[in-house]
Amino acid sequence: MTTQELDEFDVEEFDTDEYVERLAWRTNTGTSRSGSGNFDAMKMHAAFEQAIDDLKQTSNKVQRRVEKLELQCKDEVKSNQMKSQQLLGHNQEAFKHFKALDERINFVATKAVHLGDQLEGVNTPRTRAAEALMLIKYFSEFMSNEQPTSELFTDPNQLQGAAEVIEKLYLMAQELPPKGDFDMARQRIITKYQMIQHQLLQEFRAAHHKGDKKQMKRLAFILSHFRDYNHCIDIFVEETQKGAYRKPDLYQDIPSLCEKSYALINEVFNNPDTIMAKLVQNIYHVKIQTHLETRLKHKLDLESYLQNLYKLYEKTLDLSEKLSVYKFGNDTTYLTKLTKQIFSKYLDTYIHDETRFLRDRCSLILQRYFESKNHQKKNVQSGGIHEFRRDLQAVIGAKTNINIGPTIENYGGETFLSQEVAINVLQESKLAFKRCKLLSSRQAMPINAHNIFEILALYLVHEHIDYALELGLQAIPLPDAKTEPALFFFDVVGQANTIFHLFEKQFSDSLLPQVSNSPKHSECLQRKHDIVDSIETKVDIGLDRTISAMIGWTKQILMSEQKKTDFKPESEEGPMQMFSPAIVKYINSQLDPLHFGLDGKNVDAVLTEFGIRFHRVVYEHLQQFQYNSMGAMLAICDVNEYRKCVKEFHIPLVIELFDTLHALCNLLVVVPDNLKQVSHGDQLANLDKNVIHSFVQLRADYKTARLAIQFR
């Protein structure tokens, strides 16, 4: 069997059927297996027998090889087991040696430690004695009447060594008796101590100028044992800030200054947190506070003062936020305390200054507005004798020519309301709320915001909106006017409504967030509710008076222009005079101001009230006359014009009322025989029979046609 044929068995998934097929194909040298002409069965049989013999021989060879390999594996296993046992024995022997060596090392180490302790016990007293001897030697120099002559104190290059010695001598001098032979020596030591300390501080300053960090670190360490170590810190703080403030706004220089200084502090000092705290404290208490005093020293211009205070406080808080990345010990509120300390005297009087400025500014805005209108502000009050005289005149004015009512002044249609004024006042209060949020403490913020709100309510609502409404109420003509009334109250209501919406927006956006979760929240809501009630009451009174004035004028047109004979003309040839166009024209002229001044359901409510009253006036007016056929046609034409007019109201109730009135007027022209049928029509079916009967009685032929019989 060839190598190629053996390779056919060396696959993971060997298929015997496929192998037999390939063998048969090779035997027939590629001829078709389905053919019958060239197929040689004996050749195929011989090939299969040869293949079987080859496979048997190959199997025997493979089996002998497997047995040989298995024998080799058994020999290697025995050899490896013997080697493992030898290595295990060597390992156990090495472990015993290691254990013995470890015990010996521990023994030697114990002896070495004991010996070290003994040597230290002997060397320490000796070292201390040597130091004491050295100190006594130097102290003896200070006991003499001359200055110390040792090289340590005279050589400038040994300043650091002299510092270590003088520091110990200074401590020793503090323990000497206060009076006696050592006074002169103590004084000389103190003098030398101060001189060396001063020299160290000067060298520290010089090292800082040169940027010698190593020298600064050595000197800072030596000075840390001296009494005036804080002077070293002060020098560092002072020198660090020299030439650091180059920009016009010092707040822009401070972050970079602190960043550079913090890296230097960590390299020079052993207590960097404390030194950084000292530096920042100096920046706040000296540099920033001096800047504050310069910018906030004058209160003559309160607007500039408050603006500067807000900007400076905001910048300081932003600076504190940037510096919060540094450590200042265990106090996490260190920067907050510094900020409060430098701003305390300004924040204590802030709300007083804020409210005073807001009152003055709002008062000035209103004063300038009234001056631009050439108007002298009046002290107007609703109610009282003014309202009594007005109500009394409304009762007796229609019956007599006596006029006891108040003087009506409409100021030429001026509403005395200005969106520009309102926006200016709201802008000032908005800025005040903004400053209040930043400059007030958490506890004082609701109270301060409430105070600002009260000022806003006083000047915008009471002094502006309320005042305009009061003037608007007094300017509404009485219902018994003999001339067409000039009505401007709808304009007043429209402008007041626009301004009040702006007021409500600021109430929600600026005030409520500052008073939430505090007792002032409910107070502010109640105050706003009272303001709304007061304004709505005055608006309702004004709208009622305006409607009354409109109804009064329509009644005046009807009463003064129409005669009883107009609806009972003797001849059909005369001209027919209709009075509806004048009334319709007047009503239409008031619709645009009404829609401008009111919105939403308020328009429907006013039109409904006016439509009902107008219907009553027309109904009562028609009840005063008798009608023949021509007069009835004239009345129907008038009512039909009124119907067209009120349809523009889009109020179903009013439209229904005038449709019914029109149907009643039709009863005045229908022939007597059809009267009963018409009176039971759809539009009159639900109407009271007495009402229908009363209208039928207005017919000129009521008695002659004996129409009363139909209503029995």
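Here are a few notes on this predicted model, point by point.

1. Start with the overall make-up. The protein chain has 24 helices and zero strands. It runs to 712 residues, and 40% of them count as buried.

2. Next, look at contacts and surface. Taking contacts in the protein chain with a separation of 6 or more, 75% are between residues 24 or more positions apart. The chain exposes about 42,700 Å², with 52% of that supplied by carbon and sulfur atoms.

3. Now the salt bridges, which come to 24. One of them pairs lysine 299 with aspartate 353, with the closest N and O atoms 3.0 Å apart. Lysine 299 sits in the loop between helices H10 and H11, while aspartate 353 belongs to helix H13, so this pair ties together parts that are 54 residues apart in sequence. Are the two partners buried or exposed? Lysine 299 counts as partly exposed, at 34% relative accessibility, but aspartate 353 is buried, at 2%.

4. Aspartate 466 and lysine 538 form another salt bridge, and here the closest N and O atoms are 3.5 Å apart. The pair ties together parts 72 residues apart in sequence, because aspartate 466 lies in helix H16 and lysine 538 in helix H18. Both residues are buried.

5. Arginine 699 also has a partner: aspartate 701, at 3.0 Å between the closest N and O atoms. The arginine 699 side is buried, with a relative accessible area of 4%, whereas aspartate 701 is partly exposed at 25%.

6. Arg205, Glu238, Glu239 and Lys242 are linked in a salt-bridge network. Asp530, Asp533, Glu536 and Asp540 make up a negative surface patch, and aspartate 540 is located in helix H18, which covers residues 519–561.

Methods
Residues numbered from 1 in each chain as written. Predicted model: local features only at pLDDT ≥ 70, side-chain atom pairs only at ≥ 80, totals over all residues. Heavy atoms only, no water. Patch = residues over 30% accessible without salt bridge, like charges linked within 9 Å, V, L, I, M, F, W, Y side chains within 5 Å. Areas by Shrake-Rupley, 256 points an atom, 1.4 Å probe, with all protein chains shown as cover. Salt bridge = Lys/Arg side-chain N within 4 Å of Asp/Glu carboxyl O. Lys, Arg positive; Asp, Glu negative; His and termini not counted. Charge placed at Lys NZ, Arg CZ, Asp CG, Glu CD. Helix = DSSP H or I, 4+ residues; strand = E, 2+ residues; numbered from the N terminus. Buried < 20%, exposed > 50% of the residue type's maximum accessible area, 1.4 Å probe, protein only. Contact = heavy atoms within 4.5 Å.
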